[in-house]
Amino acid sequence: KPDLSCQSKFIPIDFAQQIIPGTFEYALSHIVDKHLDLSSFDKWYDNDKGGAAAYPPSVMLKIVLFGYSRGLVSSRRIANACETNITFMSLSGDEQPHYTSIASFVAKMKDQIEPLFTQVLMICDREGLI
C-alpha cells in the first residue's frame with residue numbers, strides 16, 4: 001500500500017471536545033469564563049457605533065495566558081498557534097486574531113491583564129493544578 005502521510009485530510013472537529021476536563025486549558029477557560037471580572041475591558045472594547053467588531057476580551061485573555069503558559073510570548077507565535085494548533089483554536093472559538101491585535105491587546109491592557117493572570121495562577125494553585 002502507498003504511504004499517504006503527505007495526503008491532506010479534512011476532519012470535522014468539535015472544538016468543545018478538544019478542551020478536556022482536568023487539563024490546564026480547561027481550567028483556564030473555565031476560570032476566565034466563570035470566575036474573572038472582565039468589566040475593566042468594557043470601555044476599551046465597546047465599539048458598537050463604528051469600526052470593526054472587537055475580539056471578545058475573554059478570547060484574547062485565554063489565548064494570551066495559554067500562550068504564555070506554553071512559552072509563547074511573541075504575538076506572532078500566538079497568532080500562528082491560533083491558526084495551526086487545535087488547542088488554541090478551541091480556546092479562541094476558532095477566532096484567528098492578527099498578531100497586531102494580540103500585541104495591541106497586551107500593550108493597552110497590561111495593567112488589567114497582570115492582576116487577572118495572578119488570579120488565574122492562585123485559583124489553579126488552590127485547585128492543585130500547578
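Is D94 buried, exposed or partly exposed, and what is its relative accessible area? In this predicted model, local features need pLDDT of at least 70 and side-chain atom pairs count only at pLDDT 80 or more, whereas totals for chains, interfaces and linings use all residues. Residues are numbered from 1 along each chain as its sequence is written, and side-chain values use heavy atoms, with hydrogens and water left out.

D94 is partly exposed, with a relative accessible area of 35%, where buried means under 20%, exposed over 50% and partly exposed in between (1.4 Å probe, protein chains only). D94 lies in the loop between helix 6 and helix 7, helices being DSSP runs of H or I of at least four residues, numbered from the N terminus. Although D94 is not a glycine, its phi is positive, at about 65°. Most residues other than glycine have a negative phi.

In helix 5 (residues 75–84), the buried residues are S75, I78, A79, A81 and C82. These residues are on the same side of helix 5 because they cover an arc of only 155° around the axis, the arc being that of the directions from the helix axis to the C-beta atoms. The face turned away from the buried side of helix 5 carries the exposed residues R76 and T84.

Helix 2 (residues 24–34) and helix 4 pack at an angle of about 145°, with their axes 10 Å apart; axes are lines fitted to C-alpha atoms over the stretch in contact (heavy atoms within 4.5 Å), and angles run from 0 to 180 degrees between N-to-C directions.

Notes: Helix = DSSP H or I, 4+ residues; strand = E, 2+ residues; numbered from the N terminus.
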